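Please look over the sequence and the 3D structure shown here, and then read the briefing, which takes up a sheet and a pocket in turn.

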Amino acid sequence: MSKVLVTGGTGYIGSHTVVELINEGFEVVIVDNLSNSNVDVLDGIEKITGIRPAFENIDCVDYVAMSNMLDKHNDIESIIHFAASKAVGESVEKPLLYYRNNLVSLINILQLMPVYKIKNFVFSSSCTVYGQPDILPVTEDAPIKVALSPYGNTKQIGEEIIRDTIYANPSLYQSVILRYFNPIGAHASAEIGELPNGVPNNLLPFVTQTAIGIRKQLQVFGDDYNTPDGSCIRDYIHVVDLAKAHVVAVQRMMFGKSKENIEIFNLGTGRGLSVLEIIKSFEKVNEVKVPYKIVGRREGDIEKVWADPTYANEVLGWKATETVEETLRSAWAWELNLAKRSKL
């Protein structure tokens, strides 16, 4: 049984990826400092899979702690690196926090990998590296634009760090870089889902928390963009579809299918939906109302972006299969389950 280290594994995408890894027969070690997640997520993973993964409460910025962890778990073969701060708006306000968390953690891991003879590395990147693309949908060949936020910049710099490291040490590393579009939804069991600490920065948890009454009103940042209804357009992908891509990426490197030492794939559906379309679809499929108001634009937001997932479909052998309706239902089921738990 191959062992995979998942940094940020109690987080939103990380926890769903841990489930898919376990379902595919991998042994998983999670490292997370719980800065934007909860240790109770381990209970949800165990309920779904019947297996409780090993967990280490460690900050990836702490090199010594990471080294000690790898001494303990010395048979890890692959690393999936999620651990990073990820809110665009917060990154504009706290740039140094983002550069420290997102870049030092990555450098530590890349330094430690050859020491412990770990070669396979999956990096959690983002469509923010494209900025506002000139041509839509976006292919992997689209130019990397000047980042509109420190968060986006950390993903660009992170990719450059990986590229330079592998160029200097081609025999020691291979990496799959996955550029996500917008993950939403929750596991079909409603045992795990998106649960940010504090006020959500992402759209869907704010939608669900508003629908259930935790938040009074949802803010839509801008209705004066050059889009059909004036709100920003994104490519929303079910988090389980996204999670499955990471398993495929690890297997690709393990089985020697990679064409190059570094491969980059866009993970999206190929369909763009506006913020207002998501709100209206959510209301329709779940038969609930979401009070919202239009406010000014948010600094760092991109007007419109959606993926051309052809390369991931044909070369990686992965495809998003869940519909937006199924995805929005799963997000609401997760919110309802959270409310039920809080009353117990």
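This is a predicted model: local features need pLDDT of at least 70, side-chain atom pairs count only at pLDDT 80 or more; totals for chains, interfaces and linings use all residues.

- Seven strands form an open sheet in the order E3-E2-E1-E4-E5-E6-E11, and their pairing is parallel.
- At the edges of this sheet lie strand E3, which covers 54-57, and strand E11, each of which pairs on one side only.
- From one strand to the next, the twist averages 20°.

- Strand E4 (residues 76-81) and strand E5 (residues 120-126) run parallel and are joined by four bridges.
- Within this part of the sheet, His81 stands opposite Phe123, a residue of E5.
- Helix H8, made of residues 239-254, packs on the sheet, where the helix touches strand E1 (3-7), E4, E5, strand E6 (174-180) and E11.
- The direction of helix H8 makes about 165° with that of E6.

**The second largest pocket**

- The second largest pocket holds about 190 Å³ of space, and its lining includes Glu140, Asp141, Arg163, Glu260 and Tyr311.
- Ile262, Glu263 and Ile264 also line this pocket, and strand E11 (residues 262-267) gives the most to the lining, with three residues.

Note on methods:
Residues are numbered from 1 along each chain as its sequence is written. Side-chain values use heavy atoms; hydrogens and water are left out. On a 1 Å grid over the protein atoms alone, a cavity is a set of points where a 1.4 Å probe fits but cannot get out, and a pocket is an open set with protein on both sides within 12 Å along at least five of seven lines; lining residues have an atom within 4 Å of a point. Grid points are joined across faces, edges and corners, and a volume is the space filled by probe spheres set on the points. Helices (H or I, at least four residues) and strands (E, at least two) are DSSP runs, numbered from the N terminus. Two strands pair if DSSP finds at least two bridges between them. Axes are lines fitted to C-alpha atoms, for helices over the stretch in contact, and angles run from 0 to 180 degrees between N-to-C directions. Contact means heavy atoms within 4.5 Å.
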